[in-house]
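The sequence and structure come first.

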Amino acid sequence: MNPDMQLYNTASRRKDKFTPLTPGIVRMYCCGPTVYHFAHIGNLRTYVFEDMLRRVLEYAGYTVQHVVNITDVGHLTSDADTGEDKMEKGARREGKSVWDIADFYTRAFQKDWDRLGLLQPSQWTKATDNIAEQIDLIRALEDKGFAYVIAGDGVYFDTARFPGYGEFAGLDIEGMQAGARIGVVAGKRNITDFALWKFSPGDVQRAMEWESPWGKGFPGWHVECSAMALKYLGETLDIHCGGVDHIRVHHTNEIAQSQCATGKIFSRFWLHGGWLLQKSDEENGGGKMSKSSGEFITLESTLDRGFSPLDFRYLCLTAHYRNYLNFSWEGLTTARDSLRNLRKKTAPLSGLAGTPASETAHAWEERFQEAVYDDLNLSQALAVVNLMLKDADLPESEKAALTSRFDKVLGLDLLAPSQASDGAALPADLQSLFDERLQARRDKNYKRSDEIRDLLRAHGIILKDSPEGGTWEKATG
């Protein structure tokens with residue numbers, strides 16, 4: 001269990017050979033959602049990449065301790081420690097309590113998680129369940145001289161006390177100081193200082209606030225992740241993941257406060273997923289998909305258009321996780337068609353898996369490993385799968401076995417018997433209904449499942465359910 005796995009490390013700005021600190025065990029923390037609204041597919045692309053990373057690590061034989069947080073307090077609308085808490089904003093938008101908002105959107109997020117076939121983390125953890133640990137971390141930073149209080153505002157981290165503060169993101173701190181404008185929090189010693197604890201406004205009642213040694217208030221966003229990562233994974237992580245937009249502020253701040261508190265390297269590897277870009281029309285480029293714009297696409301909205309969650313998962317695999325990916329409905333349609341074509345080749349192999357013992361089979365597995373161990377080159381891995389399935393010298397039993405192994409990484413349900421027994425394919429519109437019904441059954445939405453069964457029956461398609469999914473046949477007579 002020591003594959004030559006190369007991962008691009010944001011901290012070193014190069015591909016480094018990955019080996020965990022403890023042999024056989026990988027400690028991995030992934031920044032989770034702020035649950036004030038639905039996750040959009042740009043958010044979900046990051047979680048698909050992190051799921052692929054975990055699957056590749058497990059394919060390589062490692063045990064992965066995978067922690068994902070739920071941010072349900074403290075994430076302000078501005079990285080400059082101004083603005084309101086996003087949770088409070090969501091509650092005001094919908095006329096509900098912040099606790100109801102957090103519960104509703106956490107459930108919605110985890111439903112999307114399941115639909116995309118993402119492996120469950122070893123630990124889900126909520127910021128509001130770990131307030132004591134956050135206070136302890138802030139207290140440790142204060143005791144070591146890294147924190148100071150701004151009266152009427154909060155407790156702040158003094159970034160000047162951490163000499164390497166800007167190195168991770170390549171920040172020009174002197175230029176930032178010189179270009180500072182009015183509008184930053186009054187009383188900050190340095191423009192890059194950030195809030196560890198914010199005091200509750202005296203004239204505004206907050207639903208989420210806690211007593212602390214410094215006064216009633218709530219934690220800063222950055223300290224939440226550090227406290228939870230340290231609690232569940234120890235003082236030094238093997239891998240910390242997130243979106244590329246986390247590099248400049250959130251992860252830079254996590255590194256500073258964690259390493260100043262413990263005196264140890266916080267994470268040995270940092271991996272970041274690229275943005276999903278939303279193209280507004282054929283001539284004008286779009287931009288990063290975001291909730292602040294008010295225009296974003298959810299996974300649910302792709303289902304409403306007849307796509308399955310795994311169509312989107314396949315789309316994510318077609319571009320390297322570090323690269324930007326342009327989203328369009330045409331592109332998602334192409335991904336759907338490609339996945340269906342792949343399943344036409346793999347579905348007949350269901351139940352045929354033997355032992356891939358031949359030299360030819362080993363050669364194909366080596367090619368697959370070369371792709372996935374090279375910084376998760378999943379598009380190349382997909383190409384290997386397609387070529388392997390065309391190899392006339394490889395027995396069907398070995399193709400089935402290799403497909404099963406490779407799909408543990410890809411997560412595309414390639415051996416699910418979703419085609420007719422005679423190998424025929426459904427027309428595109430009926431296949432969309434078939435896929436939607438499979439998802440409805442997974443979601444235990446039996447009302448919708450029955451509706452689709454009746455629709456397909458009206459088109460002469462008879463369904464046969466099975467634990468693996470289901471098959472269909474044309475009605476006779």
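**Helix α11 and its surroundings**

In α11, the buried residues are A361, W364, E365, F368, A371 and V372, where buried means under 20% relative accessible area, exposed over 50% and partly exposed in between (1.4 Å probe, protein chains only). Viewed down the axis of α11, the buried residues fall within an arc of 115 degrees, so they line one face of the helix; the arc is that of the directions from the helix axis to the C-beta atoms. This is a predicted model, in which local features need pLDDT of at least 70 and side-chain atom pairs count only at pLDDT 80 or more, while totals for chains, interfaces and linings use all residues. Residues are numbered from 1 along each chain as its sequence is written, and side-chain values use heavy atoms, with hydrogens and water left out.

**More on α11**

- On the other side of α11, E359 and E370 are exposed.
- The buried residues of α11 pack against α1 (41-59), α12 (378-390) and α13, with contact meaning heavy atoms within 4.5 Å.
- Helices (H or I, at least four residues) and strands (E, at least two) are DSSP runs, numbered from the N terminus.
- α11 has 14 residues and reaches 20 Å from its first C-alpha to its last, close to the 20 Å expected at 1.5 Å a residue; the expected span is 1.5 Å times one less than the number of residues.

**Aromatic pairs**

- The structure holds 23 aromatic pairs. Rings of Phe, Tyr and Trp (its six-membered ring) pair if their centres lie within 6.5 Å; planes under 30 degrees apart count as stacked, over 60 as edge-to-face and the rest as tilted.
- One of these pairs, F109 and W124, is edge-to-face, at 6.1 Å centre to centre and 85 degrees between the planes. This pair links distant parts of the chain, with F109 in helix α3 (residues 98-115) and W124 in strand β5 (residues 123-126), 15 residues apart.
- F109 is buried, with a relative accessible area of 3%, whereas W124 is partly exposed, at 21%.
- The rings of F368 and F406 have centres 4.0 Å apart and planes at 10 degrees, so this pair is stacked. It also links distant parts of the chain: F368 belongs to helix α11 (residues 359-372) and F406 to helix α13 (residues 396-410), 38 residues apart.
- F368 is buried, with a relative accessible area of 0%, and F406 is buried, at 1%.
- Y47, F109, W113 and W124 are linked into a cluster by ring pairs.

**Charges over rings**

- The charged end of R161 sits over the ring of F146, 5.2 Å from its centre. The rule asks for NZ of Lys or CZ of Arg within 6 Å of the ring centre and within 35 degrees of the ring normal.
- R189 lies over the face of Y148, 4.0 Å from the ring centre.

**Loop residue Y324**

- Y324 is in the loop between α9 (309-317) and β14 (325-327).
- Leaving aside residues up to four places away in sequence, Y324 touches R45, G274, W275 and L277.
- Y324 and L277 are 47 residues apart along the chain, and their C-alpha atoms are separated by 6.7 Å.

**Cysteines**

- With a disulfide taken as a pair of cysteine sulfur atoms within 2.5 Å, the count comes to zero disulfides.
- The closest cysteine sulfur to that of C225 is in C31, at 4.0 Å, too far for a bond.
- C225 is buried, with a relative accessible area of 1%, and C260 is buried, at 8%.
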